[in-house]
Amino acid sequence: MEAPTTAVDERVLIAALRDRDETAFTALIEEHGPSMRRFALTFVRSGAVADDVVQEVWIVVLRGIDRFEGRSSLKTWLFQIVANTAKTRAVKEARVVPFSSLLDDDDGTPAVSPDRFQGPDGVHPGGWTSFPVPWERLPGEQLLSNETRAVIEAEIARLPDGQRLVITLRDMEGWPADEVCNVLELTETNQRVLLHRARSRVRAALERHFVEE
Amino acid sequence: MSEELTCEQLVELVTAYLDGALPARERERFEAHLSHCPGCTSYVEQIGTTIRLTGEPLTEESLSPEMRETLLSQFRDWAKSA
């Protein structure tokens with residue numbers, strides 16, 4: 001069957017799942033399976049292990065569905081289980097991302113290298129030395145090329161864990177800020193700082209890529 | 001000195017601005033600066049493009065057939081036993 005493109009009414013889905021309705025289960029795994037796997041990959045970085053994690057998560061989900069109280073959305077609950085399961089696996093692989101340390105990944109790096117701005121003796125202290133070149137002039141096919149995609153993915157892979165997790169959920173998966181805070185146990189401010197550092201670095205990587213072309 | 005934001009300060013506020021998290025006064029200073037600064041206008045547009053491109057997967061992945069089979073058989077085991 002087709003994956004649902006719109007949000008499914010959760011309560012109906014949960015009730016159906018409790019009735020052991022296979023169609024409801026299929027709809028759920030089609031809708032969330034791929035993004036759960038991508039999310040698991042931000043912790044474990046091996047496709048095979050991410051697959052294991054996803055399988056384990058669904059066992060936990062099925063065993064827990066009768067007790068699920070719906071205090072968070074089903075999606076938040078699912079991804080919290082992914083996060084916990086993937087973290088446990090990452091510990092076994094000695095690749096740990098404890099949430100308590102995510103904030104350490106605010107490395108305080110400026111969004112834009114300071115040498116792009118005029119010093120205190122400049123005509124406009126703190127102003128651009130030369131303006132960023134508008135990307136709107138780039139041909140659309142260059143913006144959307146596989147190479148551009150590769151630049152983005154490579155830069156995200158290099159980010160510190162906290163920044164990588166937040167930009168993956170916010171900008172790749174399109175989650176709202178509050179859901180990211182729930183799953184990663186971050187305050188809104190901390191979440192925003194990590195997102196800011198991450199986006200700034202991806203922008204800088206794209207700029208290098210486009211300017212060098 | 002006036003309270004004008006510098007370009008260097010503005011670039012650090014972009015994420016908060018886009019999330020609608022700046023207090024009203026800060027937002028006004030931000031927008032006032034943008035209205036007369038082509039460099040920062042380009043910069044904010046670049047961040048917007050970065051967000052858009054990051055959210056644009058080349059191909060929409062779907063569940064692999066093997067994974068779907070594995071999950072369905074897990075489901076059937078569970079449905080039988082529970």
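Which residue of chain B forms a salt bridge with A:Arg197? The partner is B:Glu12, in a model that is predicted.

**View 1. Salt bridge between A:Arg197 and B:Glu12.** The closest N and O atoms of A:Arg197 and B:Glu12 lie 3.5 Å apart. Across the interface of chain B and chain A, 5 salt bridges are found.

**View 2. Polar contacts across the interface of chain B and chain A.** There are 16 residue pairs in polar contact across this interface, with both residues of each pair at pLDDT 80 or more.

**View 3. Helices on the side of chain B that touches chain A.** At least two residues of this side come from each of α1 (7-10), α2 (14-18), α4 (38-54) and α5 (65-81) of chain B. α4(B) supplies the largest share, 14 residues. Sorted by class, the side of chain B that touches chain A holds 24 nonpolar residues, 12 polar residues and 10 charged residues.

**View 4. Contact between chain A and chain B.** Chain A contributes 55 residues to the contact, and chain B contributes 46 residues. Together the two chains bury about 4,500 Å². Carbon and sulfur atoms account for 63% of that buried area.

**View 5. Confidence along chain A.** The average pLDDT of chain A is 86, and 89% of the residues score at least 70. In residues 1-7 of chain A, by contrast, the pLDDT is below 50. This stretch has 9 contacts in the model beyond near neighbours in sequence.

Technical notes: Residues numbered from 1 in each chain as written. Chains lettered and ligands numbered in written order. Predicted model: local features only at pLDDT ≥ 70, side-chain atom pairs only at ≥ 80, totals over all residues. Heavy atoms only, no water. pLDDT = per-residue confidence, 0-100. Contact = heavy atoms within 4.5 Å. Buried area = accessible area lost by both parts, 1.4 Å probe. Salt bridge = Lys/Arg side-chain N within 4 Å of Asp/Glu carboxyl O. Polar contact = N/O pair within 3.5 Å; in protein donor to acceptor, adjacent residues only side chain to side chain. Helix = DSSP H or I, 4+ residues; strand = E, 2+ residues; numbered from the N terminus. Nonpolar A, V, L, I, M, F, W, Y, C, P; charged D, E, K, R; others polar.
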